[in-house]
Amino acid sequence: MDVINPATGEVIEKFVTDTPQTIEEKYQEARAAQPEWGALMVSERVEYIAKFRELMKRDLDTLALDLTKETGKPLQQSKNEVLGGINKLKFFLEKSEEYLSAEKVNEDGNTEEFLAYDPLGVIANISAWNYPYLVGINIFVPALICGNAVMYKPSEFSMLTGRHITRLLHEAGIPEDIFVPVYGDGSVGALLTALPLDGYFFTGSYPTGKKIAEAVAGKLVPVGLELGGKDPLYVTEDISDIEAVADAVAEGVLYNNGQSCCSVERVYVHDDIFDEFITQLKKKMSAWKVGNPMDESTMCGAITRRSHLDYMKAQIEDAKAKGAKVLLGGKIIEGKGNFFEPTLLINVDHEMDVMIEETFGPVIGVMRVESDEEAIELMNDTDFGLTSSVYCADEERGEEILSQIHSGTGYLNCCDRVSGYLPWSGRGRSGLGSTLSKHGLYAFCNPKGLHIRL
Ligand code: NAD
C-alpha cells in the first residue's frame, strides 16, 4: 500500500499490508502471550510506558518529520502533537497504580470484600490519522497498563507513525506479541472484527464506528467508540476583548487544518457584538497562512485525504445555494497537493450541511443569536455531542449555559483542548464509553468482586 505525501502527491513509501493469514498468526501469538503480561504488577507495566515516554522524547524530531510527511500537518504542529502525547502520558504514569490496585471496600463479619481488576485479554485498537499519537495513546497505553495484548491498526493515512509507535514500544521492552501492529485499510480493520477478541476500541468516523459496533455486537465484549463531532461555540455579548476571543476561535477552527474531532465546527455570536466579532474573526483567519507544511511559517498545511477536498467544496456549495455568504476563502487551491482555503461563512442556518454534518476542515459557519436560550437550543440541535464551548465574562452564566448542553466536554473561555485527567467521551454519534481519566483505565479491565473469608 502506498504512503502518499498529501502536500506533494508523491508516493514516499510502500507498506506490505496484512492478510487474513498474517492476522490470524498475530492473533494466536498475542493470545498465547497475554496471560504472562497480564500477570505482571501494574507498576512493572507502567515502567515500560515510562521508558516509551523517554524514547518519544529522544526521537521527537524524527517522529514529527514523518508525521508531517504522511498527514500534511505543519511541522511545528507535529512537534506539538508528539510533545502533547509525552505530556498526556504523565497521567497514566502518576495514577494507574492508584486506580488499578485491589481495594478493600467492605467487611461483613469474617468476610473481607475486595474490588479488583482483571485485564480484558486481547483487544483491538483501530485508530485514526488526524492525531495518531494522541488518539493512539488514549487507548493502547491504558490497555497495555491494564495487562491486555493489543492488536493495533493505525489508519492507512498514518502508517509511518504506526510503525514508529510500534518500534518505540518494543524498544521500551514491551514484547512483540503483546503490542502487535496490523497494517492496511478498512478491509483489514474489518478482519479484526471477525477475530474472537475481548474488546474493540475504535477512533474514527461515526459511520465506521457504527459498522464496527454492529459487526461485533454478538460477541458481547466491551466496545469503545471515539467518533466525530459538530462542536459548537457560543460567544456572549459581555466579553471584554472581542479581538482576543476571535483569535482563540480562529485557532479552534483552523488548528490542524480543522481536522480535529474537537475542532470548533459552528459558532453562535450574540447579536450585540456580531458585526465586530465577524470583522475580527475574518482578520484573524486571514492571518493563517496556507502552504508547505515543512515551512516554519505555515499554519495550515495540506488536507490529509484528497477526496475530502470535494466533500468540503460540496458543503460550501450547499450552503451558498441556501443563502450563505462566503466572507473568506471557499475554494480548493488547485495543484498537486491537497490544499483548501480557510473559509468563513455567514448567513448560515441549520438547513445547511455545513451546520449539521461534520466538516473536518478549515471551514466555519457563524450564526447570529438573540439570547442564551436560542444559543442553547441551536447548540443542542445536533446528533453529535463531543465538546461545546462558551466564551462569557460571567462565570456563573457560562457554567449555567454549559450545564444545559449535551456533550461529553464543556469549555468555558477556552476550546479544543484535552486533558489526561479528565474523561474524553461523546454523546450520541460522538461515541460510546470514555477514554482518559480513571474511566479510561477501567474501560480496559473487567471489574472483579473478591469475597475473602478468613
Ligand atoms: P475512519 O472512520 O475513516 O477510519 C478510522 C479507522 O477505521 C481506520 O484505521 C480505517 O482503516 C478503519 N476502518 C474503516 N472501515 C473499517 C471497517 N469496516 N472495519 C474496521 N475498521 C475500519 O476515520 P478517519 O478518517 O481515520 O478519522 C476521522 C474521524 O475520526 C473524524 O470523524 C473524527 O472526528 C474522528 N475522530 C474522533 C476522535 C475522538 O476522540 N472522538 C479523535 C480523532 C478522530
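A residue is called buried when its relative accessible area is under 20%, exposed when that area is over 50%, and partly exposed in between (1.4 Å probe, protein chains only). With that in hand, let's look at the charged pairs. This is a predicted model, where local features need pLDDT of at least 70, side-chain atom pairs count only at pLDDT 80 or more, and totals for chains, interfaces and linings use all residues. Residues are numbered from 1 along each chain as its sequence is written, and side-chain values use heavy atoms, leaving out hydrogens and water.

**Salt bridges overall**
- Side chains of opposite charge can pair when their charged atoms come close.
- The whole structure holds 29 salt bridges (a side-chain nitrogen of Lys or Arg within 4 Å of a carboxyl oxygen of Asp or Glu).
- One network of salt bridges links Arg58, Asp59, Arg167 and Glu171.

**Lys153 and Glu156**
- Lys153 is buried, at 3% relative accessible area, whereas Glu156 is partly exposed at 24%.
- These two residues form a salt bridge, with their closest N and O atoms 3.6 Å apart.

- Arg163 and Glu13 form a salt bridge with closest N and O atoms 2.7 Å apart.
- Arg163 sits in helix H6 (residues 159–171) and Glu13 in strand S2 (residues 11–14), so this pair ties together parts 150 residues apart in sequence. Helices (H or I, at least four residues) and strands (E, at least two) are DSSP runs, numbered from the N terminus.
- Arg163 is partly exposed at 35% relative accessibility, and Glu13 is partly exposed at 27%.
- Glu237 and Arg397 meet in a salt bridge of 3.0 Å, N to O.
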